[in-house]
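Look over the model below.

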Amino acid sequence: MDNLLANMPSRAIAGSRKPSPSHGDDNSFPKPVAAKSTVAIQESVPLTAAAMPKQTSDFRITKVDNITKSDCTIFKNRCFKNLLSVFDQKTLLGIIGEFSDDDIRFIMTLGRYQDNNEHYFNQLKRFDLPDEHHTRGHEEELKKLNAMHHAKSPKLYALFRDTLLAEARGSSRLEDEFGMYFTPSSVWLNPVAEKLRSLNCKSGIEVMGGKGYLSYFLKKYGFRMVVSDNHSNYQHPAAASPPIAVRNENSLDTVVKYQHRSDFLVISWPPLPTYLPALEEYFSQEHLDDYQILRAWGTTKPVLFIGERPTHTNNATGSAIFHQHLQMYFNACKIPEYQGRYIGALDEAIIFVPNGEKMTTLENIQPMMEEACKQQ
């Protein structure tokens with residue numbers, strides 16, 4: 001259970017307009033970047049009038065009236081076909097009949113809120129930290145969507161509802177244009193920086209860092225960062241890359257090399273394993289997984305995690321024992337300002353703060369691993 005006492009100090013308010021101090025010596029620690037302000041720690045880029053971002057109100061939502069009945073039918077049939085490989089036709093026909101044309105039109109409209117903030121993307125194109133979220137105006141509609149349910153077949157109904165929304169969203173600009181699986185914004189990075197500072201953090205390691213955007217933006221807050229990625233998968237060679245050096249090496253090697261001079265660890269979207277390896281494999285050089293990274297990091301310094309946690313309807317990201325380890329040795333400080341990477345996403349930004357428990361030895365983790373095996 002999340003420990004509320006581990007949450008951010010009351011002064012960590014996103015969008016604070018207090019001015020940031022200028023750089024001092026190496027021991028000075030700048031304030032987080034204030035939303036909608038220009039501060040000394042940000043890298044400024046001269047802009048012509050034509051290159052200036054559009055106003056924050058410049059976002060477009062497709063009106064319900066623009067979606068015809070024929071559009072709804074075609075859209076519903078396409079989603080139906082996408083699930084035929086998972087469920088039989090009779091079952092799907094039964095559940096799809098529960099969605100009226102108004103329901104379909106509503107979901108299609110909600111999906112078209114995705115990536116609708118041009119101000120946000122114009123900032124990203126300049127490698128500036130956006131001061132808003134990538135989508136706007138969908139919050140109430142998303143609440144209505146989550147309230148839609150079916151008493152007799154709740155899981156199947158929710159699956160088809162989410163399939164409809166995923167189809168309506170389409171591709172992600174963050175992923176396609178920038179190779180990102182999280183949503184950078186000062187709205188949530190302000191309180192993250194404030195919390196890390198309150199824990200006396202000045203330098204960090206990021207593993208599985210992709211193109212290095214998160215470390216790049218954390219450096220704008222004054223943190224010294226080392227970031228690595230083994231470039232084995234989820235690469236986007238055509239996507240824009242920020243001006244930061246990303247080490248090409250395995251995550252465990254990075255942690256072992258730099259943990260003694262780093263104050264916090266950043267790990268985002270560790271892969272979901274297809275099997276649970278044997279006990280000895282967790283400590284072999286041939287099996288470098290998320291749990292092994294946590295054990296190498298230890299339990300005395302915080303971890304910033306972005307991804308999904310296990311729920312009764314969600315397989316999450318990362319191994320079960322990875323999440324068990326975090327639950328056992330850390331208090332979860334969720335950042336409520338974080339917005340998921342797409343509309344309806346379940347990912348979160350969480351700072352895991354050490355709870356003082358001593359990490360178990362290799363000989364004592366067998367019960368923990370057996371429990372994790374049951375959850376896979």
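## A buried helix

His-119, Tyr-120, Phe-121, Asn-122, Gln-123 and Leu-124 of α4 are buried in this predicted model. The helix spans residues 118-125. Six of its eight residues are buried, so α4 is largely enclosed by the rest of the structure.

What lies over these residues? The cover includes α7 (173-178) and α9 (213-220).

## The largest pocket

The largest pocket holds about 1,300 Å³ of space. Its lining counts 41 residues. Closest to the pocket centre are Asn-146, Asp-162, Gly-344, Ala-345 and Leu-346.

Three elements, α5 (139-147), α6 (154-169) and β6 (348-354), each supply at least two lining residues. Which gives the most? Helix α6 does, with ten residues. By class, the lining has 17 nonpolar, 14 polar and ten charged residues.

## A helix pair

Helix α10 covers residues 251-258, and helix α11 covers residues 290-297. They pack at an angle of about 5 degrees. Their axes lie 9 Å apart. Angles under 35 degrees count as roughly parallel, and α10 and α11 are therefore roughly parallel to each other.

Which residues meet? From α10 come Ser-251, Leu-252 and Val-255. From α11 come Gln-292, Ile-293, Ala-296 and Trp-297. By class, this contact has five nonpolar residues, two polar residues and no charged ones.

Terms used:
Residues are numbered from 1 along each chain as its sequence is written. This is a predicted model: local features need pLDDT of at least 70, side-chain atom pairs count only at pLDDT 80 or more; totals for chains, interfaces and linings use all residues. Side-chain values use heavy atoms; hydrogens and water are left out. Axes are lines fitted to C-alpha atoms, for helices over the stretch in contact, and angles run from 0 to 180 degrees between N-to-C directions. Helices (H or I, at least four residues) and strands (E, at least two) are DSSP runs, numbered from the N terminus. Angles under 35 degrees count as roughly parallel, over 145 as roughly antiparallel, 65 to 115 as roughly perpendicular and the rest as oblique. Contact means heavy atoms within 4.5 Å. Ala, Val, Leu, Ile, Met, Phe, Trp, Tyr, Cys and Pro count as nonpolar, Asp, Glu, Lys and Arg as charged, and the others, Gly among them, as polar. On a 1 Å grid over the protein atoms alone, a cavity is a set of points where a 1.4 Å probe fits but cannot get out, and a pocket is an open set with protein on both sides within 12 Å along at least five of seven lines; lining residues have an atom within 4 Å of a point. Grid points are joined across faces, edges and corners, and a volume is the space filled by probe spheres set on the points. Buried means under 20% relative accessible area, exposed over 50%, partly exposed in between (1.4 Å probe, protein chains only).
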